[in-house]
Amino acid sequence: MSIVHEGAEEATAVTRFPRGFLWGVATAAYQIEGSTTAEGRTPSIWDAFGEQPGRIAGGDTGEPGTDHYRRMPEDVELLSTLGVEAYRFSIAWPRVRPDGGPVNRAGLDFYERLVDTLLGAGITPWPTLYHWDLPQRLEDDGGWAARETAYRFAEYADAVLERLGDRVGTWTTLNEPWCSAFLGYGSGRHAPGRTEPSSAVAAAHHLLLAHGLGLEVIRRHTRDARAGVTLNLFPVGAADPADPADVEAVRRIDGLQNRFFLDPLLRGEYPADLLADLEPYGLSGVIRPGDLTSISAPIDLLGINYYRDLNVSAVPDEKSGLPSEWVGAEHVGFPERGLPKTASGWDINAGALTGLLVDIHERYGPIPLYITENGVAFGDARGEDGLVEDTDRIAFIDQHLRAAHAAVEKGVDLRGYFYWSAMDNFEWAEGYAKRFGLVHVDFATQRRTPKASASWYSRVIADNGLRENDD
């Protein structure tokens, strides 16, 4: 819908989002905090992964990140200046229960200061309990492939909720369990770097179990707080919809990427075809009585991280030399379509976001949805004045927000959008080579400089919508 917004000089048509739509930005602990040995923090799987030569581009690690652990008040002030309404961040398990052991008061003190500083600035805190930084000691004991890790997660969540449960109104248990399981234990492209298909399948189930156990902790500590989980969901299409082999490839990839998580969470069961596909890898063997009841306990919201869609074919790609994250579907290929790409090499196809949101709404019924991550890395060349005129990023966000709005017009209960990321940071296996931020960070000096996209996004928030020809 378009309405007239009276500007300073002339009326401007604005595509409005629903009243109360939440606008935010997102980060994650290991990507920004730095101070990896400060005040009792012990190594996570990403600290250990970064010590292995060749694992991370440029030999980078999460030290110093963007030095957020020491610069937190400055960063919250910057968020306030940008006008963001909510801040999605994660809590570092190795700070709160180092090595998975006793509670570290100093680690919790930091997150208490962060939450209080956000609230004081009028910004809603949206903490995520797990964004990939498993204590390395727990990985040494089997990691997510071991069922016990889910119970250790519940103990960690209990410590966090006991301290912060009285002042946080929205909680997320996990971020992108698909990445943790299949990139971490399948292809080995992410920490802990294991290439064990059966362990990847077990890890995926145990992460879902951890979500269920964590949700119980949240409900026990809070009466009114909302809670949910965040998934990275990819629309999957056939390279040739008329080719039965390509359609079968779609079924397999959609099962691994999307239905593996959505069906247990929202239907209380794994899809029968997925169970059959993964029988050789032991999925049915790790499911115990009561697991799916815990996993499918009602959630208040579903977070969706959207970066791209997938075009699949039964014709395999040339082998990269690395094991595949597509357990049981290693033969599937991802042919090029000639679409524009991001600096990460991902196809840009904003329109697929509309279909994804509508599909979730129709397949699983009404549920409050939030886009908890959507963002892009580009070259971000700095001008002589030191500023970044990232018009390509502005166009990307504008296109995706319009696609999201189209889903709202089709009846989808979409309630908010968080841009990834607030500032340039450590981008996992890509190190510091990829910049997603609205704010440029000079990693040598830690100086923060808002990009053109930051000013543009601030105006979107103020308008609660998009002006015509705004990209």
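Where is Glu176 found? Select it and you land in the loop between strand 6 (170-175) and helix 8. Helices here are DSSP runs of H or I with at least four residues, strands are runs of E with at least two, and both are numbered from the N terminus. Before moving on, note that this is a predicted model, where local features need pLDDT of at least 70 and side-chain atom pairs count only at pLDDT 80 or more, while totals for chains, interfaces and linings use all residues. Residues are numbered from 1 along each chain as its sequence is written, and side-chain values use heavy atoms, with hydrogens and water left out.

**Still on Glu176**

Check the backbone: phi is positive, about 50°, although Glu176 is not a glycine. Most residues other than glycine have a negative phi, and most peptide bonds are trans. Glu176 counts as buried because its relative accessibility is 6%; buried means under 20% relative accessible area, exposed over 50%, and partly exposed in between (1.4 Å probe, protein chains only).

**Zoom out**

Now show the whole chain, with its 16 helices and 15 strands. The C-alpha atoms fill a box of roughly 65 × 60 × 45 Å along the principal axes. A compact globule of 471 residues would have a radius of gyration near 23 Å, and the 21 Å of the chain agrees with that. That radius is taken over C-alpha atoms, and the globule rule is 2.2 Å times the number of residues to the power 0.38. Of the 471 residues, 60% count as buried.

**Helices 8 and 9**

Next, select residues 177-187 (helix 8) and 197-221 (helix 9): their axes come within 8 Å and cross at roughly 160°. Axes are lines fitted to C-alpha atoms, for helices over the stretch in contact, with angles from 0 to 180 degrees between N-to-C directions. So helix 8 is roughly antiparallel to helix 9; the classes are roughly parallel under 35 degrees, roughly antiparallel over 145, roughly perpendicular from 65 to 115, and oblique for the rest. To see the contact (heavy atoms within 4.5 Å), show side chains including Phe182 and Tyr185 of helix 8 and Val201 and Leu207 of helix 9. By class, this contact has 10 nonpolar, 3 polar and no charged residues. Here Ala, Val, Leu, Ile, Met, Phe, Trp, Tyr, Cys and Pro count as nonpolar, Asp, Glu, Lys and Arg as charged, and the others, Gly among them, as polar.

Then pick Pro192, in the loop between helix 8 and helix 9. A cis peptide bond joins Ala191 to Pro192, with omega about 10°.

**Last stops**

Jump to Pro64, in the loop between helix 2 (45-50) and helix 3 (68-82). The bond from Glu63 to Pro64 is cis, with omega near 15°.

Glu39 lies in the loop between helix 1 (29-32) and helix 2. Glu39 has a positive phi of about 50° although it is not a glycine, and at 46% relative accessibility it counts as partly exposed.
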